[in-house]
Amino acid sequence: MNTATENSALNRGLGPRQMNMMALGAAIGVGLFYGSASAIKTAGPAILLTYAVCGVFVFFVMRALGEMAIHNPVAGSFSRYAFDYLGHRAGFMTGWTYWFYWIVCIMAEVTAAAIYMTYWFPDVPAWIWALSALLAMGALNLVAVSAFGEMEFWFAAIKVVTIVFLIVTGTGIIVFGLGNDGVALGLSNLWSHGGFMPHGAWGVLAALPMVTFSYSGIEMIGLTAGEAKDPERSIRRVVNTVFWRIAIFYVGALFVVMSLYPWDLIGAQGSPFVLTFEKLGIREAAGIMNFVVLTAALSSCNSGIFSTGRMVFNLAEQGQAPGRFRRISARGIPVYAVGLGVLVTLIGVLLNYIAPPDLFIWLTSIATFAGLFTWTIILLSHIKFRQRVTLSADRRMMPWSPWSSYATLAFLALITAMLTLSENTRIAMIVGPIWLLGLWLSYSLVQKRNGLTTEVYE
């Protein structure tokens with residue numbers, strides 16, 4: 001049996017291959033396979049423009065995070081950087097907000113996994129599958145981090161292979177008429193149904209919150225820094241490649257889908273992925289996609305448990321969570337911090353089955369708000385980081401600093417405004433500030449109880 005200690009260090013068992021796939025797995029989820037239809041309805045084919053523009057600013061967020069992670073590769077990542085460069089209260093609020101963000105995501109993903117399992121086993125109660133998924137992913141997070149990373153690699157690989165298959169075969173249908181009696185479909189669906197931008201510039205702007213949420217999760221790269229082999233080389237390689245892969249997968253897949261089908265019909269007849277595979281004569285398309293989205297849900301749950309554990313571990317190191325959560329097993333796993341996330345999520349899963357649907361809408365709204373808050377903190381921390389730390393040319397990753405940071409902050413402010421203007425997302429701008437106010441007040445109590453000073457906790 002592995003006993004927990006306070007003196008052990010996290011095990012640096014993650015390589016670039018695993019880190020790449022962990023970030024891909026966290027950012028590419030069921031939203032692309034099934035949820036992209038709502039974003040397409042909002043902006044039409046111009047959703048490609050929304051993804052491209054948003055991707056430029058996500059690129060700057062990742063570069064800022066990568067630069068700080070190379071300089072100080074710690075498990076707490078942006079929470080620790082906020083702690084160091086913006087103040088202890090900022091570190092506390094960032095850490096617990098991101099922890100709650102993943103708690104909500106895990107609740108959603110295990111619930112989704114239960115729904116997908118009932119496709120094959122309709123007579124088994126859904127709560128059994130939700131509980132099984134949570135416990136299985138929790139157990140996986142308690143073994144060596146290299147084993148966790150390997151499993152996450154294969155989870156993410158399934159999604160990546162599916163998307164690549166769609167892009168390649170879809171291109172074959174568009175150009176050569178593959179599966180369409182040799183009649184090439186061409187690209188006319190991109191402009192033949194109300195134009196490329198059927199809802200005008202407003203549609204492009206209105207889709208920003210949904211697209212931004214699609215990219216959320218990519219910042220998880222920072223949390224892997226504390227357990228990365230050769231952090232400087234690994235982090236630099238991952239930051240330089242994973243963003244482009246995600247952008248290509250999202251834009252490429254949606255470009256193919258909207259070329260194959262009129263944008264205003266997408267979602268009305270089921271998942272566009274399923275429809276595409278059926279067009280190719282794959283009879284079990286629905287079953288295959290159900291398996292893919294099941295692994296997508298498990299992958300996100302797996303990444304979420306990892307993230308909550310590392311974030312609470314870092315908060316405990318900063319004196320902003322009980323000291324017990326600093327304890328690490330002989331395998332280098334923060335077992336108590338991981339266990340806390342699983343326990344809270346278990347309560348949430350139970351509540352999800354008895355609480356009214358509106359409660360979960362509030363929780364997911366906080367998750368959306370939390371993603372924007374986290375990216376804002378990363379940029380503000382990086383601005384202060386650049387003011388205090390002199391970097392050699394080979395360690396600078398953020399181009400045009402600090403102006404790129406200021407421009408990205410303005411873009412995030414625009415997305416926040418869109419959350420306020422949209423009736424469907426306005427609740428996020430009510431619940432989110434209440435959550436932050438609660439953390440602000442809670443910090444004062446924690447500071448008074450623990451006697452925290454202005455020094456960094458060691």
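Analyst: One term first: a crossing is right-handed if the near helix is turned clockwise from the far one by less than a right angle, and left-handed if anticlockwise. Keep in mind, too, that this is a predicted model.

With that in hand, let's take helix 3, which covers residues 47–71.

One partner is helix 9, residues 208–215. The two pack at an angle of about 55°, and their axes are 10 Å apart. That angle makes helix 3 oblique to helix 9, and their crossing is right-handed. On the helix 3 side, the residues involved are I47, T50, Y51, C54, G55 and V58; they meet L208, V211, T212, S214 and Y215 of helix 9. By class, this contact has seven nonpolar residues, four polar ones and no charged ones. As for the spacing along the chain, an α-helix has 3.6 residues a turn, so residues three or four places apart point the same way.

The contact of helix 5 with helix 12 brings together 20 nonpolar, eight polar and one charged residues.

Now follow the chain out of helix 3. In the loop between helix 3 and helix 4 (78–85) you'll find S77. Its phi is near 50°, a positive value in a residue other than glycine. Most residues other than glycine have a negative phi, and most peptide bonds are trans. S77 counts as buried because its relative accessible area is 0%, and the cut-off for buried is under 20%.

Another positive phi turns up at W400, about 55°, and again the residue is not a glycine. W400 sits in the loop between helix 14 and helix 15. With a relative accessible area of 66%, W400 is exposed, whereas S77 is buried. That loop, between helix 14 (357–388) and helix 15 (403–421), also holds P402. A cis peptide bond joins S401 to P402, with omega at about 5°.

Notes. Residues numbered from 1 in each chain as written. Predicted model: local features only at pLDDT ≥ 70, side-chain atom pairs only at ≥ 80, totals over all residues. Heavy atoms only, no water. Nonpolar A, V, L, I, M, F, W, Y, C, P; charged D, E, K, R; others polar. Helix = DSSP H or I, 4+ residues; strand = E, 2+ residues; numbered from the N terminus. Expected span 1.5 Å × (residues − 1). Axes fitted to C-alpha atoms, helices over the stretch in contact; angles between N-to-C directions. Parallel < 35°, antiparallel > 145°, perpendicular 65-115°, else oblique. Contact = heavy atoms within 4.5 Å. Buried < 20%, exposed > 50% of the residue type's maximum accessible area, 1.4 Å probe, protein only.
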